[in-house]
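Here are my comments on the model you sent over. They are set out as numbered points, to be read beside the structure.

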Amino acid sequence: MPRQDIDITVPDLTGKRAVVTGASDGIGLGIATHLAAAGAEVVMPVRNPRKGEGAVARIRERHPGANVSLRALDLSSLASVAELGATLLGEDRPVHLLINNAGVMTPPDRQTTADGFELQFGTNHLGHFALVHHLLPLLRAGQARVTSQISVAANGNAINWDDLNWERSYSGMRAYSQSKIAFGLFGLELDRRSRAAGWGITSNLAHPGVAPTSLLAARPEVGRAKDTLGVRLIRALSAGGIIVGTVRTAQLPALYAATSPEATGGGFYGPSWTGHLGGPPAEQKLYSRLRSTDEAERVWRISEELVGTGSWG
């Protein structure tokens, strides 16, 4: 199938409120655009207001009637996460879809969040963990589907239980893998706890495959002054239609996981071509690192302690 023909049908989302993190560019912007086109009210929490305003303008240029709006959020700051939670709770509107898409990848040198956590673990996992906790009443009210965006990197390496913040040694890729493994275990445990407690939330996982997004491009804010060799190679493969996907196709697994009637709680969705690096979305076998319920419970418990959320109820 030609890649330009790859797409999915998003059901009518009129009357639904969707929150999408990382929606100011790349995959997240594409997801937000699809949701708005389907009639959802889309809330886009962003760290950079100017970039967010540009994203809103792009959505409205394509869909003049789109109901999209910005809120402030820096996932590397638990105070910022709490402020967004308070803002949305104050608006007292149920949240029907939450797509945890934002992330940071492989800073060349170890960096920390405002709260002292290794940047990738603190942003990709703990920030979203805290966000879901703060939004829990709204998610319950909306009988929400929560989709958490992990990565093919969660299929390798492991959680560094003895040094979660990589203080004794640092590997950008191993720390990135840890953040996505922990995040995936959390997403699955959220679905199990929701079913056990009757929260009415369904939670599943998606991954975008491999595509030429900004994650590996020049990112001065994480200390990367120029594009990596990896992203240059991915761009070349993507342009040639070889193995990997495009930014457009990479949007589809999370979009499918979040909106399809066929997607289920506890499911895992990603590209379906050989190697699962590109292609149309489909359900996939869960990565081995995500199968242990004991490790999922351990991640949940430690995350509660680190974030200070207390008991979820």
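**Notes on the predicted model**

1. Tryptophan 312 is buried, since its relative accessible area is 9% and the cut-off for buried is under 20%. Please keep in mind throughout that this is a predicted model. Phenylalanine 129, the ring partner of tryptophan 312, is buried as well, with a relative accessible area of 0%.

2. A search of the whole structure gives 10 aromatic pairs. In one of them, the ring centres of phenylalanine 129 and tryptophan 312 are 5.1 Å apart, and the planes meet at 55°, so this pair counts as tilted. Phenylalanine 129 belongs to helix H4 (residues 119-141), while tryptophan 312 is in the segment after helix H9 (293-307). The pair therefore ties together parts of the chain that are 183 residues apart in sequence.

3. Another tilted pair is made by phenylalanine 186 and tryptophan 300, with 5.5 Å from centre to centre and 40° between the planes. Phenylalanine 186 is in helix H5 (residues 172-197) and tryptophan 300 is in helix H9, so here the parts tied together are 114 residues apart in sequence. Phenylalanine 186 is buried at a relative accessible area of 1%, and tryptophan 300 is buried at 0%.

4. Which residues form the aromatic cluster? Phe129, Phe183, Phe186, Trp199, Trp300 and Trp312 form one cluster. Both pairs described above have their rings in this cluster.

5. A charge-over-ring arrangement also deserves a look. Arginine 298 places its charged end over the ring of tryptophan 161, at 4.0 Å from the ring centre.

6. Helix H2 covers residues 49-62, which is 14 residues. From first C-alpha to last, H2 reaches 20 Å, close to the 20 Å expected at 1.5 Å a residue.

7. Which residues of H2 are buried? They are Gly52, Ala55, Val56 and Ile59. These four lie on the same side of H2, because they cover an arc of only 100° around the axis. An α-helix has 3.6 residues a turn, so residues three or four places apart point the same way. The buried residues of H2 pack against helix H1 (26-37), strand E2 (41-46) and strand E3 (67-72). Arg50, Glu53, Arg58 and Glu61, on the other side of H2, are exposed.

8. Arginine 174 is a residue of helix H5. Its relative accessible area is 37%, so arginine 174 is partly exposed, as that class runs between 20% and 50%. Neighbours within four places in sequence aside, arginine 174 contacts Asn157, Trp166 and Ser169. The C-alpha atom of arginine 174 is separated by 9.6 Å from that of alanine 154, and these two residues are 20 apart along the chain.

9. Some totals for the chain as a whole. The chain contains 9 helices and 8 strands. Of its 313 residues, 56% are buried.

Key. Residues are numbered from 1 along each chain as its sequence is written. This is a predicted model: local features need pLDDT of at least 70, side-chain atom pairs count only at pLDDT 80 or more; totals for chains, interfaces and linings use all residues. Side-chain values use heavy atoms; hydrogens and water are left out. Helices (H or I, at least four residues) and strands (E, at least two) are DSSP runs, numbered from the N terminus. The expected span of a helix is 1.5 Å times one less than its number of residues. Buried means under 20% relative accessible area, exposed over 50%, partly exposed in between (1.4 Å probe, protein chains only). The arc is that of the directions from the helix axis to the C-beta atoms. Contact means heavy atoms within 4.5 Å. Rings of Phe, Tyr and Trp (its six-membered ring) pair if their centres lie within 6.5 Å; planes under 30 degrees apart count as stacked, over 60 as edge-to-face and the rest as tilted. A charge sits over a ring if NZ of Lys or CZ of Arg is within 6 Å of the ring centre and within 35 degrees of the ring normal.
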